[in-house]
Amino acid sequence: MDMLINGIAATAADKTWIEVTNPATGEYVDRVPRGSEEDVNAAVEAADAAFGVWSEKTTRDRGLVLYRAAELIRRDHKDLAEILTREQGKPIRESTDEVRGCANIFEYYASIAGLPAGETVTLGKAGDCLVTRVPLGVCAAIIPWNMPVLIMGWKAGPALLAGNSLVLKPASTTPLTNLRIAGLLKDAGLPHGVLNVVTGPGETVGAALVKHPRVKKISFTGDCATGHRIREMAQDHLKTLTLELGGSDPMIVMADADIPKAVEGALRGRFYNAGQICTAVKRLYLHEKIAEEFMRLLTAKVEGLSVGNGLSPGTDMGPLNSAEQLGRISSVIHETTEREEGTIRAGGCPLTGSAYEKGFFYTPTLITDVAPDAALLSNEIFGPVLPVVTVPDLGAAIREANHSKYGLGASVWTKDLATVKQVYQEVNAGIIWVNRHLTVPPEVPFGGTKESGMGRENGSKALDSYTQTKTLYLGW
Ligand code: NAD
């Protein structure tokens, strides 16, 4: 598949290519150009040239383009979901959810296009001020491979509605669905040059985009270390930044919780997308009174998960996205057992056998008796591995939950309002769920504290991060 620059498929004859392969089978899916700094320059130039036309349209007209794009995504959702499963690995049911999720986001931003933006300030005899919100110009969106379609929606929805033009860089293992959706936005009426997709490595294409002087804002989702590098690179031109980085979400289950419901929550919270989600349940804290029963139920569910090719009906969990991911998870488990930092209760090894030999499959894994200083608890484990810790009371659970460099999400499972109040007030995270985990609807601001990043996506306020105020001061 080709890059899209200026809304036109761009394939220079001298390009080298990045092959996209299916992580379940190793089969070739498609290829995309390995972009270069020149491609980034061309994309930024196209976006800069298109900015005037797009920003002068009414917000309503821009919202209509997003709305039409959502219709096209819904029309093509089966096709898009299949491409996403082939490049990313997740079960087709999850790909369908994600593709529809992107349509939901575009519809949400289209629906708030008519909301008033800006404000008026009256200063008595000194005058009156009209404070408007104006777009920033050319923005950049850098996308990870774990939820590429949803995260494209989170960034493109508000950036485009606010009147910016955009250059988007997909992850190299999952560029195909991003390119298809960019094509649908064009079909929905997005003028040439407003959205440009440049495929290629982060170290070259991503870095060139971050450093480009005409790019005013970087919205990045990915690894913490990359986020720090981007922050350093972006400071030369004082760019606006949204950084959505890692997470190590705690899930706290109290003795009064609805146990079967919480077991389902832990199962979905950790093993959805093979655990490759920033807000997955990454640490499970169980009240000692219910720990045994909980683990009996959860272990049975985890051992019953059907792991396989995401395209096969009935698959509950697909492969990891790459050999690198599989290697990381395997070494985390190896080190945990070597250092005697926990007991494997389920899984704990890559899947073997002819159905799995060409893919990156790992067994859904539960680890109990986890040592308080285990790497499993302090590092982000981006795969299907759940460390479980038993706690004597809520105070201990909250202390453990906060004992992390991350602060993305957290959940508490209880029927007691006082428990909810204490967790909400004392756990340091961007979102606290009660009796659920993972759900992030377009209306709700999303982002973390501490090393989980800066800024928020989703919700009406995300629009503000793609604009700046401009004031007309009327000194009567
Ligand atoms: P990554 O940082 O390796 O890559 C993310 C993107 O950045 C890719 O497109 C990559 O090509 C690009 N990139 C890499 N180096 C770059 C550089 N020097 N300059 C510019 N761009 C560069 O992350 P990943 O492995 O793709 O994603 C997994 C991580 O993302 C996990 O830590 C996960 O928690 C995090 N994540 C966070 C959220 C959130 O909203 N907080 C959502 C999803 C994933």
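Which polar backbone atom is 2.9 Å from an oxygen atom of the ligand? The backbone atom belongs to Asp223. This is a predicted model, in which local features need pLDDT of at least 70 and side-chain atom pairs count only at pLDDT 80 or more, while totals for chains, interfaces and linings use all residues. Residues are numbered from 1 along each chain as its sequence is written, and side-chain values use heavy atoms, with hydrogens and water left out.

**Ligand**

| Residue | Protein atom | Ligand atom | Distance |
|---|---|---|---|
| Lys169 | polar side-chain atom | oxygen | 2.9 Å |
| Asp223 | polar backbone atom | oxygen | 2.9 Å |
| Leu245 | polar backbone atom | nitrogen | 2.7 Å |

On its own the ligand has 860 Å² of accessible area (Shrake-Rupley method, 1.4 Å probe), and the protein covers 91% of that area. Helix 5, helix 7 (202-211), strand 10 (215-221) and helix 8 (224-234) each give two or more residues to the shell around the ligand; helices here are DSSP runs of H or I with at least four residues, and strands are runs of E with at least two, numbered from the N terminus. Helix 8 gives the largest share, four residues.

There are 30 residues around the ligand (a heavy atom within 4 Å), and Ile143, Thr226, Leu245, Cys278 and Glu380 come nearest. By class, the shell has 17 nonpolar, eight polar and five charged residues; Ala, Val, Leu, Ile, Met, Phe, Trp, Tyr, Cys and Pro count as nonpolar, Asp, Glu, Lys and Arg as charged, and the others, Gly among them, as polar. The ligand lies between domain 1 (3-245 + 452-474) and domain 2 (249-441), because both give residues to its shell. The domain bounds come from an automatic or database domain assignment.

Asn164 sits in the loop between helix 5 (148-161) and strand 8 (165-169). Beyond four places in sequence, the residues in contact with Asn164 (heavy atoms within 4.5 Å) include Phe51, Trp54 and Val194.

Thr365 belongs to strand 15 (residues 365-368) and is also buried, with a relative accessible area of 0%. The side chain of Thr365 reaches the backbone oxygen of Thr363 at 2.7 Å. Among its contacts outside four places in sequence are Phe271, Ile333 and Pro384.

Terms used: Buried < 20%, exposed > 50% of the residue type's maximum accessible area, 1.4 Å probe, protein only. Polar contact = N/O pair within 3.5 Å; in protein donor to acceptor, adjacent residues only side chain to side chain.
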